[in-house]
Amino acid sequence: MNVRRHLPERSPRMPTSPPVLTDLLARRTRFARSDAIRDILAAGAAPGVLSMAGGLPAPDTFPTEELARILDRVLTESAAAALQYSPTEGVPAMREVLARLASATGAPVTADRVLVTGGSQQGLDLVAGILLEEGDVVALDDPSYLGAVQSFRRAGARLLPIPSDADGMDTDALEERLTAGARCKVVYVVPHFHNPSGAVLSVHRRRHLAALAEKFGFVIVEDDPYADLAFDGTRQPSVDMLSERVVRLMSLSKTLCPGLRVGGLVAPASLVPELAGAKQCADLQTNTLGQHVLARLLADPGFLPGHVARLQDFYRGRAGHLSGLIESRLPWLDFERPRGGLFFWCTVTAPGIDSGSLARTALAEGVAVVPGAPFCIERDGSRNLRLSFATLTEAQLLSAVDRLSAAFEKASVALESHR
Ligand SMILES: Cc1ncc(COP(=O)(O)O)c(C=O)c1O
């Protein structure tokens with residue numbers, strides 16, 4: 001049959017404006033429309049701009065030579081398997097490696113409780129997808145990681161912001177809210193070198209959080225991508241050593257590299273099949289080749305300890321350099337010296353200067369920084385700035401700080417002229 005004959009004729013001159021389909025969108029798409037992450041990355045990518053904006057790890061730390069060597073071997077020795085579809089739960093060798101890594105830093109786990117994911121971000125989205133109904137409550141630090149906020153909001157969750165300080169989430173405040181009747185299904189924490197605040201959840205608060213999970217019946221989502229980036233090499237016990245109600249997200253993005261999109265999660269046995277089902281719908285499986293390569297890399301007992309020690313040296317050096325520059329050149333910027341991770345969470349102390357407009361002026365001066373407000377749920381972030389020290393060299397950090405200083409001068413002059 002000639003299908004064309006049954007199609008209406010369309011005049012070549014008929015106007016063809018694209019259909020507007022947004023009225024067909026599902027309700028949940030209205031819950032979360034944050035362009036903040038996209039805008040941050042786009043601003044930093046403009047030519048000539050020095051970016052302290054994104055949470056990108058330094059390419060100098062990527063294990064490029066090791067990956068090239070292993071990739072070559074994988075393609076020579078096991079291309080048929082490495083280029084094929086693989087199980088939704090993950091390539092067995094990768095699940096084994098992640099189980100070993102998790103057990104070395106937290107509660108002992110077997111590979112059947114591990115799901116390989118496309119990074120922690122996918123883990124967050126899967127957890128949100130299987131646990132949260134519209135209106136369910138998720139407690140989280142205020143400020144919080146934007147990617148988590150987005151996933152929880154898209155699932156229809158109501159966010160319960162909990163104040164935090166240098167020791168992480170104030171679990172007394174959490175307990176007060178729970179005792180007052182907040183029915184919380186998930187509590188989300190970033191226990192080491194929080195993004196954006198840099199906080200480390202104290203051991204006392206980890207224990208308290210675990211006890212609250214037992215008492216009030218919620219799930220703890222422990223998202224820990226920065227634990228290996230401790231400047232003094234120390235690490236607090238993972239929360240899953242203290243509670244069996246933990247989903248532990250295991251990002252490899254900051255420890256190895258984000259581009260392969262291979263990470264994982266460890267979940268209570270009862271949730272693994274549901275998470276695997278959700279993952280099957282999302283993407284069938286995580287990149288097989290990447291899993292084969294990383295499984296081999298991480299199975300080498302000689303690799304990780306030396307690599308992590310180099311990461312820590314590298315980031316300690318860059319953070320120390322930026323500390324010195326801020327102290328000597330930006331006296332209007334207050335900050336806690338980070339103990340690890342990638343960020344400085346700063347406060348603009350000069351009265352009347354808003355961090356959002358300062359960030360815009362800074363971009364015009366050629367340096368991208370992130371204002372605090374998008375990370376904040378309830379608290380006022382209008383005086384905060386997040387600065388990443390990871391990807392700029394020492395010379396670039398100096399220029400970036402000078403540009404930020406020039407932006408501050410301009411913002412101060414503009415403020416004076418409005419008075
Ligand atoms: C707290 C936190 N969780 C998760 C992620 C995303 O990790 P992944 O690359 O493993 O998806 C980031 C990235 O910046 C992050 O800061």
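Helices are DSSP runs of H or I with at least four residues, numbered from the N terminus. In this predicted model, helix H4, spanning residues 119-131, supplies the largest share of the shell around the ligand, with 3 residues. The shell comprises 14 residues in total, and the closest of these are Ser120, Asp223, Tyr226, Ser251 and Ser253. Sorted by class, 6 of the shell residues are polar, 5 are nonpolar and 3 are charged.

At Ser120, a backbone N or O atom lies 2.7 Å from a ligand oxygen atom. At Ser251, a polar side-chain atom is placed 2.7 Å from an oxygen atom of the ligand, and for Arg261 the corresponding distance from a polar side-chain atom to a ligand oxygen is 2.8 Å. The ligand taken alone exposes 400 Å², of which the protein buries 92%.

Strand S3 (residues 137-142) and strand S4 (residues 158-165) run parallel and are joined by 6 bridges. Within this pair, Ala139 stands opposite Leu160 of S4.

S4 and S5 form a hairpin, with 2 residues between the strands.

Note on methods. Residues are numbered from 1 along each chain as its sequence is written. This is a predicted model: local features need pLDDT of at least 70, side-chain atom pairs count only at pLDDT 80 or more; totals for chains, interfaces and linings use all residues. Side-chain values use heavy atoms; hydrogens and water are left out. A residue is near a molecule or strand if one of its heavy atoms lies within 4 Å of it. A polar contact is a pair of N or O atoms within 3.5 Å; within protein, one must be able to donate a hydrogen and the other to accept it, and residues adjacent in sequence count only if both atoms are side-chain atoms. Accessible areas come from the Shrake-Rupley method with a 1.4 Å probe; for residues, only the protein chains shown count as cover. Ala, Val, Leu, Ile, Met, Phe, Trp, Tyr, Cys and Pro count as nonpolar, Asp, Glu, Lys and Arg as charged, and the others, Gly among them, as polar. Two strands pair if DSSP finds at least two bridges between them.
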